[in-house]
Amino acid sequence: MSINVEIRRTDRTKSVAFEVRLPNTMIVSAPRRLPARAIQRLAEDRLDWAAKRLLFIEAAYGRHGLPKKFSGGETFSYLGRDSLLTVVVAAGSSRSQVVLTEDRLLVTIGAVPEEAQEERVKTALLKWYKSAARQCLEAAVERWSPVVGARPTAVKVRNQRRRWGSCSHNGSLNFNWRLVMAPAGILDYVVVHELCHLREPNHSARYWDLVSQVMPEHTDHRKWLKENAVLLEAFT
Ligand SMILES: [Zn+2]
């Protein structure tokens, strides 16, 4: 595998950071005052790591069929179950509609030029996913609040790029709508994780004791989230 190394100089960090991007790039962010030769050496030391990481991400992309083109025949996941996307173009109708059947995700769009179809399908699916996510997440919060013994001041569904969920200082919980693509147990875990933060703000030993009491199988769920973090790049 040949890897392109892209070096970015920045004043914002004091240390060197590495990141990979498909198909074959390693991005090195380095402080401006660090000599080029030193950066070169650090980058070389990281090439094996980058190659492994790129293969891992590529495999995860393959598993989830990413990036999506939003055209018929692709699979889309809802609560961990894959459905085949079927696009129906209905002349005479301008409103889009999404229906989930036993094995299909049926998206009906109005007649638009072919090059605009995929964008139209994406918009319809995004709206559908967000509304489904809201329902599932609110229901999960209702279910788990009494178990954890904490209730949020609000539940917000967000389009976060890097996180599955978070807990605000004012006691409201934020969740990534993409959780509705994951198996139901994973969505439940993220809800439990954030609800437990209402009682224990930090990831202290006491915090994890609480999570373990509520959901003993949480380590499997955390592993799944780590392995499937590329789902956060769906619809971007
Ligand atoms: Zn946390």
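Start by selecting Val192: leaving aside residues up to four places away in sequence, Val192 touches Trp144, Val148, Val211, Val214 and Met215. Touching, or being in contact, is when the C-beta atoms of two residues, placed from the backbone, lie within 7 Å. Before you go on, note that this is a predicted model: local features need pLDDT of at least 70, side-chain atom pairs count only at pLDDT 80 or more, and totals for chains, interfaces and linings use all residues. Residue numbers run from 1 along each chain as its sequence is written.

Helices (H or I, at least four residues) and strands (E, at least two) are DSSP runs, numbered from the N terminus.

Next, show the open sheet of 3 strands, in the order 8-10-9 and with mixed pairing. Strands pair if DSSP finds at least two bridges between them. Look at the edges: strand 8 (154-158) and strand 9 (165-167) each have a single partner strand, so one side of each has no neighbour in the sheet. From one strand to the next, the twist averages 15°. Angles run from 0 to 180 degrees between N-to-C directions, and axes are lines fitted to C-alpha atoms, for helices over the stretch in contact.

Zoom in on strand 8 and strand 10 (residues 172-176), which pair in the parallel sense over 5 bridges. Click Val157 and you'll find its bridge partner, Phe175, in strand 10. Then bring up helix 3 (residues 114-148), which packs on the sheet, touches strand 8 and strand 10, and makes about 150° with the direction of strand 8. Helix 4 (residues 184-199) lies across strand 9 and strand 10, at about 10° to strand 9.

**The hairpin**

Hop over to strand 6 (residues 97-100) and strand 7 (residues 104-110), an antiparallel pair with 4 bridges. They form a hairpin with 3 residues between them. Pick Val99 here, and its bridge partner in strand 7 is Leu106.

Most residues other than glycine have a negative phi, and most peptide bonds are trans. Here are some exceptions to visit:

- Leu22 and Pro23 are joined by a cis peptide bond, with omega about 5°; Pro23 sits in the loop between strand 2 (17-21) and strand 3 (25-31).
- Leu66 to Pro67 is a cis peptide bond too, with omega near -10°, and Pro67 is in the loop between helix 2 (47-64) and strand 4 (75-78).
- Phe70 lies in the loop between helix 2 and strand 4 and has a positive phi near 65°.
- Leu79, in the loop between strand 4 and strand 5 (81-90), has a positive phi of about 50°.

Is Phe70 buried or exposed? Phe70 is buried, with 21 other C-beta atoms within 10 Å, while Leu79, with 16 C-beta neighbours inside 10 Å, is partly exposed.

Definitions and conventions:
A residue is buried if 20 or more other C-beta atoms lie within 10 Å of its own, exposed if 12 or fewer, and partly exposed in between; C-beta atoms are placed from the backbone.
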